[in-house]
Amino acid sequence: MGDVVTIPREEYDRLRAAAEDLADLQTYDRAKADLSEGRDELIPAEYADRLLDGESALRVYRDLRGLTQAALAEEARVNRVTIAEIETGRKHGSVKTLCALADALEVALDDLTSDIGRSADRMKN
């Protein structure tokens, strides 16, 4: 067994709080660096609210980028009708299609697929 050090509870609590504060500051610094170096972006509240309200992530990110369905279809090389069907929840889209759309919108695939479970539930009802 290693060395054992006994310290008063107050000192332990103070050190633990300081360690948590340091971890929070490091997380903050990483987030700021990611933003300034273009590895992450802030989403305006109106778009975040739409995502939280369950609107199609594809539609929200398309609107955020200022693209029409036709412009996105051309950029991603997919059919415009496919985009409309995914946005309305009639279809989920293949992995290949979703990857192409995510690339064109410059978002992670996960950003577009977070609402697939909700749309599947709507399709059942």
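Select Arg77 first, in the loop between helix 4 and helix 5; helices (H or I, at least four residues) are DSSP runs numbered from the N terminus. Arg77 has a positive phi of about 60° although it is not a glycine. Most residues other than glycine have a negative phi. Arg77 counts as exposed because its relative accessibility is 78%, where exposed means over 50% relative accessible area, buried under 20% and partly exposed in between (1.4 Å probe, protein chains only).

The model is predicted, so that local features need pLDDT of at least 70 and side-chain atom pairs count only at pLDDT 80 or more, whereas totals for chains, interfaces and linings use all residues. Residues are numbered from 1 along each chain as its sequence is written, and side-chain values use heavy atoms, with hydrogens and water left out.

Next, select Glu106, in the loop between helix 6 and helix 7 (109-113). Glu106, likewise not a glycine, has a positive phi of about 55°. With 67% relative accessibility, Glu106 counts as exposed.

Now display helix 4 and helix 6. Their axes are 9 Å apart and the packing angle is about 105°; axes are lines fitted to C-alpha atoms, for helices over the stretch in contact, and angles run from 0 to 180 degrees between N-to-C directions. The two helices are therefore roughly perpendicular to each other, a term for angles of 65 to 115 degrees. To see the contact (heavy atoms within 4.5 Å), select Leu72, Glu75 and Ala76 of helix 4 with Ala100, Leu101, Ala104 and Leu105 of helix 6. These residues divide into six nonpolar, no polar and one charged, with Ala, Val, Leu, Ile, Met, Phe, Trp, Tyr, Cys and Pro counted as nonpolar, Asp, Glu, Lys and Arg as charged, and the others, Gly among them, as polar.

Move on to the largest nonpolar core, which has 16 residues. Such a core is a set of buried Ala, Val, Leu, Ile, Met, Phe, Trp, Tyr and Cys residues joined through side-chain atoms within 4.5 Å. Leu58, Leu72, Ile83, Leu101, Leu105 and Leu112 touch the most other members. Helix 3 (57-64), helix 4 (69-76), helix 5 (80-88) and helix 6 (95-105) each give two or more residues, and helix 6 supplies the largest share, five residues.

Centre the view on Leu112. Beyond its neighbours within four places in sequence, Leu112 is in contact with Ala57, Leu58, Tyr61, Leu98, Leu101, Ala102, Leu105 and Val107.

Finish at Asp110 in helix 7. Asp110 counts as exposed, at 60% relative accessibility. The C-alpha atoms of Asp110 and Asp3 are separated by 46 Å, the two residues being 107 residues apart along the chain.

Conventions:
Parallel < 35°, antiparallel > 145°, perpendicular 65-115°, else oblique.
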